[in-house]
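Have a go at each one before reading its solution.

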Amino acid sequence: MVTLETMEVSVMPLYVNGSSSFQDQVRGALEHFDPSIEIYDGRVGFDPTMSPGSHIRGRELLRRLIQSGYRVEIVRGSSSRCEPAYPRGGRTGSRVYWCPGQVPSNAPACFCIALGHELGHADQFLNGIVYPADLYSSGSSSVGFSMRVEMLNITGRHMSETWAGVTENQLRQEHRPPCPARTIY
Ligand SMILES: [Zn+2]
């Protein structure tokens with residue numbers, strides 16, 4: 001069935017919605033996950049003919065998002081979070097809010113890591129492993145994650161249990177220079 005969302009995502013699966021300076025900031029962060037990243041008119045892509053070098057998992061995260069068939073939109077936010085387009089369970093695109101100046105306070109890391117963390121949540125939504133019970137209202141009409149095992153999977157503590165996607169700690173490990181692993185959520 002064709003819906004407005006699937007039409008959009010077929011054109012721009014991973015999309016940066018913001019000023020050219022914000023797009024530059026997003027590019028600057030995504031380059032830390034895959035040096036071949038490019039952004040054309042807001043659309044994020046990578047060069048599959050260019051070696052990702054040590055960034056195997058970073059490219060895998062981008063590949064999963066770009067080839068998903070669903071739209072994931074990155075916008076500027078006062079804090080970083082990921083909100084599903086359809087918070088009723090099942091596979092869905094999402095909107096990722098990213099605050100470029102925000103660095104993780106619970107474990108030292110590069111500014112790119114918060115964006116990678118939220119894109120990991122976007123990947124979880126794309127794969128339909130998040131359900132309404134996993135979500136909580138975080139004020140007004142926005143929707144956020146509760147602290148269930150999915151959150152721990154994102155950080156890598158329990159990645160061997162239920163989540164085959166790219167974890168925050170994998171992005172931290174292959175970052176240059178490496179960022180220390182996150183041990184708490
Ligand atoms: Zn970085």
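**Exercise 1.** Which residue in S6 stands opposite arginine 81?

Before we start, note that this is a predicted model, where local features need pLDDT of at least 70, side-chain atom pairs count only at pLDDT 80 or more, and totals for chains, interfaces and linings use all residues. Residues are numbered from 1 along each chain as its sequence is written.

*Solution.* S5 covers residues 81-84 and S6 covers residues 94-98. The two run antiparallel and are joined by four bridges; a pair needs at least two DSSP bridges. Across from arginine 81 you'll find tyrosine 97.

**Exercise 2.** Are the residues on the two faces of S5 buried or exposed?

*Solution.* Buried means 20 or more other C-beta atoms within 10 Å of a residue's own, exposed means 12 or fewer, and partly exposed is in between, with C-beta atoms placed from the backbone. Arg81 and Glu83 on one side are buried, and so are Cys82 and Pro84 on the other.

**Exercise 3.** What does alanine 122 contact, leaving aside its neighbours within four places in sequence?

*Solution.* Contact means C-beta atoms, placed from the backbone, within 7 Å. Alanine 122 then touches Leu65, Val72, Cys82, Ser94 and Val96.

**Exercise 4.** How many helices and strands does the protein have?

*Solution.* Count seven helices and eight strands. Of the 185 residues, 38% count as buried.

Conventions. Two residues are in contact if their C-beta atoms, placed from the backbone, lie within 7 Å.
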